[in-house]
Amino acid sequence: MAYNKARAEKQWLKWKEAEEKKLRELGVDKETIQRLHTYDWAEFNKERQYLQRQVEWSSYVDWVAAQDLELPVEDPESLLDSIEDMELLKILSKEDKLTIQIAFLKMSGYNGYEIAEKTGLTQKAVNLRMVRLRKKLKIFFEA
């Protein structure tokens with residue numbers, strides 16, 4: 001199931017309001033409550049950014065297995081496993097799973113529109129990820 005930002009934010013606010021209510025009942029001053037709120041919000045955002053970048057692989061791997069692909073690899077993970085150049089692997093390992101999935105789909109012959117439909121991103125977001133990855137790879141291959 002995809003990460004739902006609005007739902008997670010709503011749950012966090014509900015939890016935070018209950019926590020702040022208890023803190024006020026316990027006599028904690030407003031400044032301390034505000035500092036806790038700011039800290040917790042920053043931590044929530046860090047976790048949210050991480051979760052938004054996670055990809056649910058099981059349905060995608062099942063779909064890839066059902067296809068008759070001509071690629072020497074069968075999924076994005078085996079794509080990374082097939083790379084022998086350690087520097088190239090290091091560059092690609094820093095990319096999030098969604099970008100690797102997009103690159104794999106692009107290698108499989110899908111266009112930006114089809115990839116956008118499969119990943120739930122906009123076509124512009126897919127193209128931007130590919131442009132950024134190409135820049136990194138261009139620097140690698142020119143060196």
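Q: Which residues form one aromatic cluster in this structure?
A: Look for W12, W15, W41 and F44, which together make up one aromatic cluster. Rings of Phe, Tyr and Trp (its six-membered ring) pair if their centres lie within 6.5 Å; planes under 30 degrees apart count as stacked, over 60 as edge-to-face and the rest as tilted. The structure holds 5 aromatic pairs.

Q: What kind of model is this, and how are its residues numbered?
A: It is a predicted model, in which local features need pLDDT of at least 70 and side-chain atom pairs count only at pLDDT 80 or more, while totals for chains, interfaces and linings use all residues. Residues are numbered from 1 along each chain as its sequence is written, and side-chain values use heavy atoms, with hydrogens and water left out.

Q: How many helices and strands are in the protein chain?
A: Helices (H or I, at least four residues) and strands (E, at least two) are DSSP runs, numbered from the N terminus. Here the protein chain has 8 helices and 0 strands, and its pattern along the sequence reads α-α-α-α-α-α-α-α.

Q: What share of the residues counts as buried, and what share of the contacts joins residues 24 or more positions apart?
A: Buried means under 20% relative accessible area, exposed over 50%, partly exposed in between (1.4 Å probe, protein chains only). In this protein chain, 29% of the 143 residues are buried. A contact means heavy atoms within 4.5 Å. Among contacts with a separation of 6 or more, 62% join residues 24 or more positions apart.

Q: How do the axes of α5 and α8 cross?
A: Two packed helices are described by the angle between their axes and the distance between the axes. Axes are lines fitted to C-alpha atoms, for helices over the stretch in contact, and angles run from 0 to 180 degrees between N-to-C directions. For helix α5 (residues 86-93) and helix α8 (residues 123-142), the axes come within 11 Å and cross at roughly 160°. That makes α5 roughly antiparallel to α8; angles under 35 degrees count as roughly parallel, over 145 as roughly antiparallel, 65 to 115 as roughly perpendicular and the rest as oblique.

Q: Which residues of α5 and α8 meet?
A: From α5 come E87, L88, I91 and L92, and they meet L133, K136, L137, F140 and F141 in α8. These contact residues divide into 7 nonpolar, no polar and 2 charged (Ala, Val, Leu, Ile, Met, Phe, Trp, Tyr, Cys and Pro count as nonpolar, Asp, Glu, Lys and Arg as charged, and the others, Gly among them, as polar).

Q: At what angle do α6 and α7 pack?
A: Helix α6 (residues 97-107) and helix α7 (residues 112-119) pack at about 140°, with their axes 10 Å apart. They are therefore oblique to each other. In this contact, L98, Q101, I102, L105 and K106 of α6 face G112, I115, K118 and T119 of α7. By class, that gives 4 nonpolar, 3 polar and 2 charged residues.

Q: Is I100 buried or exposed?
A: I100, which sits in helix α6, is buried because its relative accessibility is 6%. Beyond neighbours within four places in sequence, I100 is in contact with P76, L80, L92 and E95. K97 is another residue of α6, but K97 is partly exposed, at a relative accessible area of 38%.

Q: Where does E95 lie, and what does E95 touch?
A: E95 lies in the loop between α5 and α6 and is buried, with a relative accessible area of 15%. Not counting residues up to four places away in sequence, E95 touches I100, L133 and K136. E95 and R129 are 34 residues apart in sequence, and their C-alpha atoms are 9.8 Å apart.
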